[in-house]
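Keep the model open as you read.

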Amino acid sequence: MADGGGDNAAGDLAFGGFVVKNQGKLDVFAINCSHLGCSVALNKDAKSFDCPCHGSRFHLDGTVLRGPAAAPLSHLTWKQGADAQTIEVDGLTLGF
Ligand code: FES
C-alpha cells in the first residue's frame with residue numbers, strides 16, 4: 001500500500017484492489033477495509049465499497065460513507081503503463 005489509515009499502513013500487502021476512474025482521474029484502492037482489514041466489495045447499485053464484516057461503507061473516492069471504519073481506503077502504488085490504455089499496479093500491468 002502506498003498509504004494507510006486505520007488498520008492499514010504504508011507498505012502493507014494487499015491481495016486485491018479496485019481501479020476507479022472518475023472524470024479522468026484514476027484511484028487504485030487496496031481491497032482491505034480500514035477498520036480491521038476484511039475485503040471490501042463493490043456495491044454496483046449503491047456505487048459504494050461495502051465491507052461484509054462490520055458494515056463499513058466507502059464512497060467510490062475511498063472516503064468513509066459509514067463506520068465503524070474511521071479512515072478512508074488505502075491506495076495502491078501505480079503508474080502509467082506503456083500506453084494510455086494500461087497502468088502498472090505494483091508490477092502488474094492492467095488494461096482498460
Ligand atoms: S473490517 Fe470492515 S467494517 Fe470491520
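Two strands count as paired if DSSP finds at least two bridges between them. The model here is a predicted one. Start with the residue V89, which stands opposite L92 in β9. That contact belongs to the pairing of β8 with strand β9, residues 92-95. Four bridges join the two strands, and they run antiparallel.

β7 and β8 make a hairpin, with five residues between them.

The cut-off matters here: a salt bridge needs a side-chain nitrogen of Lys or Arg within 4 Å of a carboxyl oxygen of Asp or Glu. How accessible are the two partners? K79 is exposed, with a relative accessible area of 52%. Exposed means over 50%, so K79 falls in that class. E88, at 26%, counts as partly exposed.

Turn next to the open sheet. Four strands build it, in the order β3-β4-β5-β6, with antiparallel pairing. Which strands stand at its edges? They are β3 (41-43) and β6 (64-66). Each has a single partner strand, so one side of each is left without a neighbour in the sheet. On average, neighbouring strands of this sheet are turned by 35° against each other, direction ignored.

Inside this order, β4 (residues 48-50) pairs with β5 (residues 57-59). The sense is antiparallel, and there are three bridges. F49 has F58 in β5 as its bridge partner. A salt bridge involves D50 and R57: their side chains meet at 3.1 Å, N to O. D50 counts as buried, at 18% relative accessibility. The limit for buried is under 20%, so D50 falls within it.

The structure holds two aromatic pairs. In one of them, F18 and F49 form a tilted pair, 4.7 Å centre to centre, with 40° between the planes. That pair links distant parts of the chain. F18 sits in strand β1 (residues 17-22) and F49 in strand β4, 31 residues apart. F49 itself is buried, with a relative accessible area of 1%.

F29 and F49 form an edge-to-face pair. Their centres are 6.2 Å apart, and the planes make an angle of 65°. F29 lies in strand β2 (residues 25-30) and F49 in strand β4, so the pair ties together parts that are 20 residues apart in sequence. Both F29 and F49 are buried. Taken together, F18, F29 and F49 form one aromatic cluster.

How many salt bridges does the structure hold? There are three. D27 is buried, with a relative accessible area of 12%. K25 counts as partly exposed, at 48% relative accessibility.

How values were computed:
Residues numbered from 1 in each chain as written. Predicted model: local features only at pLDDT ≥ 70, side-chain atom pairs only at ≥ 80, totals over all residues. Heavy atoms only, no water. Axes fitted to C-alpha atoms, helices over the stretch in contact; angles between N-to-C directions. Phe/Tyr/Trp six-rings, centres within 6.5 Å; stacked < 30°, edge-to-face > 60°. Buried < 20%, exposed > 50% of the residue type's maximum accessible area, 1.4 Å probe, protein only.
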